Amino acid sequence: MTAAPLVLGIETSCDETGIGIVRGRTLLSNTIASSMDEHARYGGVVPEVAARAHLEALQPSIDAALDEAGIRLQDLDAVAVTSGPGLAGALMVGVGAAKGLAVSIDKPLYAVNHLVGHIAADILTADSAPLEYPTIALLVSGGHTSLLHVRDLTTDVELLGETMDDAAGEAFDKVARLLSLPYPGGPEIDRAAADGDPNAIRFPRGLSKASDLAKHRYDFSFSGLKTAVARWVERCEADGVEVPVADVAASFREAVVDVLVTKALAACEDLGVPRLLLGGGVIANRRLREVALARAEKAGVTVRIPPLSLCTDNGAMIAALAAELISSGRRPSTLAFGADSTLPVTEIQVAERS
Amino acid sequence: MILAVDTSLGTAVALIDADGALRAEAATADPLGHAEVIGDLLADVLKGAGAGEITHVVSGMGPGPFTGLRIGIAAARAFALGRGIPVVPVPSHLAAALSVSADGPFAIVTDARRREVAVTVFDGTDAAGIPTVVADTVLVPAVEADAHLGGIRRIDVSELSGADLARVAARALAAGRVLADDEPLYLRHPDVVLPGAPKRVGS
Ligand SMILES: [Zn+2]
């Protein structure tokens with residue numbers, strides 16, 4: 001195997017069909033087809049709709065990625081695919097395609113963990129210094145909200161905490177609906193919040209009371225916050241007062257951002273790790289980045305944020321993780337793995353051949 | 001050689017020669033676990049096939065439970081992409097009908113989950129040797145299937161032959177016929193309702 005393996009990654013864990021091609025740590029293509037528009041009318045990702053869209057998008061996306069990278073399938077050293085976590089039916093489309101492709105071109109297949117892929121996205125940023133270990137990673141999207149302790153990308157990732165109910169991105173979508181804003185909620189809440197006062201309403205910070213912190217120091221909960229916003233809106237309506245959408249949006253966003261950043265920086269402090277990596281689609285939220293950067297600086301924590309196109313779900317991060325696994329001497333996966341919707345983050349690679 | 005992949009019931013993979021002779025086949029009857037087995041079944045069939053070039057990949061388009069069905073279609077398309085060869089979509093019930101020797105109409109009946117069955121009625125074969133569909137595939141409640149068929153011979157099928165699927169495709173190719181479009185035979189709409197007004201939480 002060459003020092004910099006040429007890998008094609010397939011990612012279908014949620015509503016993005018991602019095909020990425022990397023040569024080691026060099027990004028050659030990050031092709032994404034999203035079915036987001038098809039989900040908009042339902043106010044959230046519909047698994048069956050996502051799975052149907054993946055099947056349609058896979059082949060054209062692979063063709064487009066090969067074109068952009070200027071390579072042929074025969075040139076590849078390996079194929080990589082997300083085994084989990086994610087939506088089972090959506091993951092299975094990618095797994096089926098990856099196996100068909102790998103057998104067809106007779107190349108090794110690496111089945112990898114989606115969440116660890118989000119961390120691997122960072123190594124594709126050629127302009128920044130290499131990722132230093134250990135690092136705390138905060139991954140926030142419509143599908144997950146996870147706080148990780150990364151000691152080594154390919155061998156040692158630990159889950160510190162995750163959401164007990166809704167993912168942060170889901171909370172944005174649900175609150176957007178309460179405020180009669182369209183899907184996806186993140187950018188809409190951001191827009192509505194622009195002229196709002198983030199301190200107008202003190203919404204609850206989930207799992208942040210002393211009693212909760214004992215057991216759930218690094219876990220998140222957003223359902224109570226969502227209910228609090230719903231109550232607020234209903235009370236306005238009952239009182240015949242116009243809902244102050246800007247203030248509600250800004251205050252809600254502040255509560256989400258506050259709890260995310262507070263817990264991430266607590267982990268940095270508790271574990272003595274002065275590095276924080278942000279990933280996942282919700283990182284697109286400008287306020288989250290601002291608050292994270294400002295408060296991290298005060299705490300003496302360095303923050304890394306990959307470009308947004310690598311923060312949202314994508315195949316390049318899956319290819320990048322596999323390339324790192326290959327470079328560290330890991331054997332390919334067997335062909336016998338499946339989709340694992342709840343794959344734990346400790347399983348960085350699935351079904352490594354013995 | 002023609003490779004066929006079908007995951008509409010169990011998982012079936014087969015390779016035949018252009019004249020229909022079987023080269024290799026591998027299958028599991030398990031109506032679940034398609035994602036787990038599809039890669040090894042493909043590899044086994046390639047290994048068992050001997051020398052020769054694969055010219056087409058046949059994809060069984062259902063009817064079948066969608067989650068499993070899609071895995072085979074995705075694998076078939078990706079395999080074809082890897083070899084730079086075309087995909088030939090074929091309705092899966094045609095494979096089951098191919099091996100039926102019957103006078104008069106008969107129905108292929110497969111489980112569609114949720115107490116429904118998928119039913120396609122055939123009668124004889126056409127000039128190309130392809131079973132003739134006389135009533136398109138429909139879903140009917142399992143308990144009403146007999147009434148629906150009104151005496152037409154009913155053949156319940158729980159496993160499909162990948163080789164027969166490939167043979168149907170070989171005949172279609174020889175006759176220049178297209179048997180299905182690229183869309184899987186989705187007989188149900190996605191299980192989803194448009195959201196109404198947000199639920200009240202009270203205060
Ligand atoms: Zn993700």
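Arg287(A) is partly exposed, with a relative accessible area of 23%, where partly exposed lies between buried (under 20%) and exposed (over 50%), judged with a 1.4 Å probe and protein chains only. The model is predicted, so local features need pLDDT of at least 70 and side-chain atom pairs count only at pLDDT 80 or more, while totals for chains, interfaces and linings use all residues. Residues are numbered from 1 along each chain as its sequence is written, chains are lettered from A and ligands numbered from 1 in the order in which they are written, and side-chain values use heavy atoms, with hydrogens and water left out.

The side chain of Arg287(A) meets that of Glu290(A) in a salt bridge, at 3.3 Å from N to O; a salt bridge is a side-chain nitrogen of Lys or Arg within 4 Å of a carboxyl oxygen of Asp or Glu. Glu290(A) is likewise partly exposed, at 34% relative accessibility. Helices (H or I, at least four residues) and strands (E, at least two) are DSSP runs, numbered from the N terminus. The pair belongs to a network of salt bridges that links Glu254(A), Arg286(A), Arg287(A) and Glu290(A).

Over all chains, the structure holds 25 salt bridges. One of them joins Asp166(A) to Lys174(A), with the closest N and O atoms 3.0 Å apart. Asp166(A) is buried at a relative accessible area of 8%, whereas Lys174(A) is partly exposed at 31%. Another salt bridge is formed by the side chains of Arg253(A) and Asp190(A), at 2.6 Å from N to O. Arg253(A) lies in helix α9 (residues 245–271) of chain A and Asp190(A) in helix α6 of chain A, so this pair ties together parts that are 63 residues apart in sequence. Arg253(A) counts as buried, with 7% relative accessibility, and Asp190(A) is buried at 16%.

Chain A also contains an open sheet of 6 strands in the order β3-β2-β1-β4-β5-β11, with mixed pairing; two strands pair if DSSP finds at least two bridges between them. At the edges stand β3 (26–34) and β11 (349–350) of chain A, each with a single partner strand, so one side of each is left without a neighbour in the sheet. Within the sheet, β4 (residues 78–84) and β5 (residues 109–113) of chain A run parallel and are joined by 5 bridges. Val79(A) stands opposite Leu109(A) in β5(A).

Strand β7 (residues 145–152) of chain A takes part in two hairpins. With strand β6 (residues 135–140) of chain A, β7(A) pairs in the antiparallel sense over 6 bridges, and 4 residues lie between the two strands of this hairpin. Ile136(A) has His149(A) in β7(A) as its bridge partner. With strand β8 (residues 156–162) of chain A, β7(A) again pairs in the antiparallel sense over 6 bridges, here in a hairpin with 3 residues between the strands. The bridge partner of Asp152(A) in β8(A) is Asp156(A). Of the 8 residues of β7(A), 6 are buried, so the strand is largely enclosed by the rest of the structure. Val150(A), which is placed in β7 of chain A, counts as buried at 0% relative accessibility. Val150(A) and Tyr133(A) are 17 residues apart in sequence and 6.8 Å apart in space, C-alpha to C-alpha.

Several backbone features were also identified. Most residues other than glycine have a negative phi, and most peptide bonds are trans. A cis peptide bond, with omega of about -10°, joins Tyr133(A) and Pro134(A); Pro134(A) is found in the loop between α4 (114–120) and β6 of chain A. A cis peptide bond also joins Tyr183(A) and Pro184(A), with omega of about -5°. Pro184(A) is placed in the loop between α5 (168–178) and α6 (185–193) of chain A. Ser180(A), found in the loop between α5 and α6 of chain A, has a positive phi of about 60° although it is not a glycine. Ser180(A) counts as exposed, with 66% relative accessibility.

In chain B, strands β2 (residues 11–16) and β3 (residues 22–28) run antiparallel and are joined by 6 bridges. Their hairpin has 5 residues between the strands, and Gly20(B) in the turn has a positive phi of about 100°. In β3(B), Ala24(B) is the bridge partner of Leu15(B).
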